[in-house]
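Welcome! Take a moment to turn the model around on your screen, and then let us walk through it together.

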Amino acid sequence: MAEREIPEEYLEGYAQILGEVAATGRRLSRDELASRRNLGERAAEAGFGLRALVSTHLTAARDAWPRGRDDSAEEALAAVQQAVDAFAEGYERAQRLAVRQEEAARREFIDDLLYGRSDLGRLAERAERFGLRLSHEHAVAVARGPVAYDEGDAVPRQVEQALISRFGDRSILLTTKDGRLLCVAPGHQGEVLTYFAKQAHAATDGGQVAIGRPQSGPGGVVQSYEEALSTLEIAERLGLDEPVLRAAELLVYPVLARDRQAMSDLVHNTLGPLTSARGGAEPLLDTLTAYFDSGCVAAEAARRLSLSVRALTYRLERIHKLTGANPAEPAHRYMLQTAVIGARLLAWPDEQL
């Protein structure tokens, strides 16, 4: 595609300045430099390329080149340098402003999108500018690492480059929020979020990624985002260390936590007596956690706790005596295991019920 012709208005006063400088040997005045910067800003805002603008300036300088004096070339070249430098400075200043405005608009859109603010119809219109069609299903993956990340940091750029190299844009939105990495992708393109999880886990030195379920409509993104955040929180409370967590596979935990009062009553009534044990409830609660996580295999649970099988068996007997529920009995096991999960979700006994 041919470059657009540069209008004369962006060279206003340029030939006159060169002529005066060549004749007198003076430098450009402050007002003349300011006028070049302003013209540079206007040219950038009009969408002209810097390469074409510089080329036009050099052509104009050749046409206005002073003749008849052998010592005028140095002054003229110095004037060209000053003028073009000031023009380019103004051009770059306008570009930086445009970038900041674009970044601000993008950040405002992302905040509205993830917090569910703004009119949904208007939000959907704005989303198309960033490659999202909110009438379709979308899913969100959230990655957290050992440190907080901003959008311009090396880690987000590394992950974004990997995604673009693999999938192109594909209506993918990669950003950061509250120090975490986020990826929004069409709901039917699960491979995108799987690849994002792999790249984010590696780039964050072993960070954890949660993937929300696909949700439809303008409010679907915020629903999937909140589900991914909730999954990360549950993983932290339960001590789940898998690198990738899918909300769809952990739905039982939000269900259990939904009625907080009922869960609190279960934990208090079932596990409350453990607080009277020597050393408090924590060691016995850890024993139950390891026992259930190991499939109720005493030898494996003992290994995880760095205990002998005899010591583990003693702890299980102590739990039976205090609570009246036997972890080895199938009839008691479900109630105890559900109470243990509830205790971890509620951060008991560190926090009061």
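Let us begin with Asp-205, which counts as exposed because its relative accessibility is 69%, and the cut-off for exposed is over 50%. Keep in mind as you look that this is a predicted model. Asp-205 sits in the loop that links helix H7 (190-203) to strand S4 (208-211). Its backbone deserves a look too: phi is positive, at about 55°, although Asp-205 is not a glycine.

Now move along to Ser-306, in the loop between helix H12 (298-305) and helix H13 (309-323). Here phi is positive as well, at about 60°, and Ser-306 is not a glycine. Is Ser-306 buried or exposed? With a relative accessible area of 67%, Ser-306 is exposed.

## The overall shape

Step back and view the whole protein chain. Its secondary structure comes to 14 helices and five strands. Along the principal axes, the C-alpha trace spans about 110 × 40 × 35 Å.

What radius of gyration does the protein chain have? The value is 33 Å, while a compact globule of 353 residues would have one near 20 Å. As for what is covered, buried residues make up 43% of the 353 residues in the chain.

## A buried aspartate in a helix

Next, find Asp-112 in helix H4, which runs over residues 73-115. Asp-112 counts as buried because its relative accessibility is 9%, and buried means under 20%.

## The segment after helix H14

Finally, go to the segment after H14, where you will find Pro-349. The peptide bond that leads from Trp-348 to Pro-349 is cis, and its omega is near 15°.

Glu-351 also lies in the segment after helix H14 (330-345). Its relative accessibility is 40%, so Glu-351 counts as partly exposed.

Methods: Residues numbered from 1 in each chain as written. Predicted model: local features only at pLDDT ≥ 70, side-chain atom pairs only at ≥ 80, totals over all residues. Heavy atoms only, no water. Helix = DSSP H or I, 4+ residues; strand = E, 2+ residues; numbered from the N terminus. Buried < 20%, exposed > 50% of the residue type's maximum accessible area, 1.4 Å probe, protein only. Rg over C-alpha atoms; globule rule 2.2 N^0.38 Å.
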